[in-house]
Amino acid sequence: MLEVCDLKKTYVTGTFHKHRINAIDGVSFYIRKGETFGIVGESGCGKSTLGRCILRLTEPTEGRIIFDGTEISKLGRESMRKIRPRMQMIFQDPDSSLNPRKTIGKSIAEPLGIKGFQRKLIERKVAELARHVGLLPEHVDRYPHQLSGGQNQRAVLARAIALAPDFIVADEPTASLDVSVQAQILNLLKQLKKEYGLTMLFISHDLELMKHMCDRIAVMYMGKIIETAYTRDIFESPMHPFTCLLLEGHENDMEQENCIIDMKEGCCFYKYCPARSEKCSYKTPKPQEICSGHFVACHNVMSSINIRTN
Ligand code: ADP
Ligand code: MG
């Protein structure tokens with residue numbers, strides 16, 4: 001359904017002293033039809049930028065994005081407008097994705113209106129969609145501030161599926177919600193995925209949460225994917241030293257140093273790696289397939305396994 005090849009996004013900031021931030025630094029992966037592919041990593045490692053670049057909400061600096069056989073990274077505005085309804089994004093905070101001046105019924109109706117459906121049909125479809133995501137008929141005429149965060153996120157989901165898309169990017173879709181509501185929204189997302197046969201890119205900083213959502217997981221660190229594997233393999237036999245630390249909950253021990261500024265050669269995890277060798281300081285490791293479907297970008301994969309079992 002989706003293939004991303006060597007994607008890069010560099011932000012240039014500062015007025016007097018220009019800084020280059022390689023928010024995404026050569027990322028490649030694919031997502032099969034019907035699959036939920038997870039991107040996990042610390043805050044600031046480039047997850048949201050990646051999600052936005054894939055949908056061309058942010059322009060990538062370099063690289064290719066192929067969606068269902070079409071290279072969309074080079075498409076012009078008009079062609080992109082045609083393909084957009086097939087790809088939807090769900091953001092973390094429903095309050096910022098819903099218009100506070102519109103009833104949520106109006107918000108759900110928005111994509112249907114753009115498609116030029118008749119008013120009566122739109123009304124019927126909105127009622128159907130609202131029911132489908134677990135909202136009550138009276139919720140449809142309320143404004144976002146009159147509903148809970150969970151109810152608003154349900155409305156966001158209803159709007160996202162209104163045009164029956166093929167592909168959804170869910171960027172930390174429950175991060176702004178109470179813990180008690182998170183599971184409900186995740187279950188709803190899972191249910192919709194199944195009913196609509198959706199393919200999904202699921203972004204989160206929470207590995208535990210991904211266990212229940214994803215078929216495969218990619219671990220990001222400083223703009224790079226350092227490990228990709230089936231969900232079970234990530235949890236049962238992690239191979240990259242950073243993934244091991246993430247699983248043990250030690251990632252907070254490391255200084256926050258968001259993104260590489262003017263990237264040098266060498267492994268991005270060199271500074272904190274318990275398994276580093278001299279080579280890691282000057283040679284950037286490329287992802288290698290260690291066993292079926294398990295890719296790791298590390299020169300010392302074996303020693304990191306030893307470190308974990310010791
Ligand atoms: P994540 O979603 O993993 O927390 P982001 O993709 O939001 O990470 O950010 C990755 C890096 O890019 C961060 O260092 C962030 O500060 C930087 N960044 C994100 N958006 C912009 C922007 N519009 N301009 C400049 N830097 C940005
Ligand atoms: Mg983010």
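This is a predicted model: local features need pLDDT of at least 70, side-chain atom pairs count only at pLDDT 80 or more; totals for chains, interfaces and linings use all residues.
Visitor: Let's start with the ligand. Which residues are closest to ligand 1?

Guide: Ligand 1 is surrounded by 13 residues, and the closest are Gly44, Gly46, Lys47, Ser48 and Thr49.

Visitor: What makes the pair formed by Thr49 and ligand 1 a polar contact?

Guide: A polar side-chain atom of Thr49 is 2.5 Å from an oxygen atom of the ligand. The cut-off for a pair of N or O atoms is 3.5 Å, so this pair counts as a polar contact.

Visitor: And what about the backbone of Gly44 and of Cys45?

Guide: For Gly44, a polar backbone atom is 2.6 Å from an oxygen atom of ligand 1. For Cys45, a backbone N or O atom is 3.3 Å from an oxygen atom of ligand 1. Both values are within 3.5 Å, so both pairs count too.

Visitor: How much of ligand 1 does the protein bury?

Guide: Taken alone, ligand 1 exposes 560 Å², and the protein buries 65% of that.

Visitor: Which element gives the largest share of the shell around ligand 1?

Guide: That is helix H1, with three residues. Strand S1 (2-13) and helix H1 (47-54) each supply at least two residues of the shell. By class, the shell has four nonpolar, seven polar and two charged residues.

Visitor: Let's move to another helix. Why is Leu112 called buried?

Guide: Leu112 lies in helix H4 (residues 104-114). Its relative accessibility is 0%, and buried means under 20%, so Leu112 counts as buried.

Visitor: Which residues does Leu112 touch, not counting those up to four places away in sequence?

Guide: Leu112 touches Phe117, Ile122, Lys125, Val126, Leu129, Ala162 and Leu163. As for His17, the C-alpha atoms of Leu112 and His17 are 46 Å apart in space, and the two residues are 95 apart in sequence.

Visitor: How do you know that Ser107 is buried?

Guide: Ser107 also lies in helix H4. Its relative accessibility is 3%, which is under 20%, so Ser107 counts as buried. Leaving aside neighbours within four places in sequence, Ser107 is in contact with Leu98, Asn99, Lys102 and Arg159.

How values were computed
Residues are numbered from 1 along each chain as its sequence is written. Chains are lettered from A and ligands numbered from 1 in the order in which they are written. Side-chain values use heavy atoms; hydrogens and water are left out. A residue is near a molecule or strand if one of its heavy atoms lies within 4 Å of it. A polar contact is a pair of N or O atoms within 3.5 Å; within protein, one must be able to donate a hydrogen and the other to accept it, and residues adjacent in sequence count only if both atoms are side-chain atoms. Accessible areas come from the Shrake-Rupley method with a 1.4 Å probe; for residues, only the protein chains shown count as cover. Helices (H or I, at least four residues) and strands (E, at least two) are DSSP runs, numbered from the N terminus. Ala, Val, Leu, Ile, Met, Phe, Trp, Tyr, Cys and Pro count as nonpolar, Asp, Glu, Lys and Arg as charged, and the others, Gly among them, as polar. Buried means under 20% relative accessible area, exposed over 50%, partly exposed in between (1.4 Å probe, protein chains only). Contact means heavy atoms within 4.5 Å.
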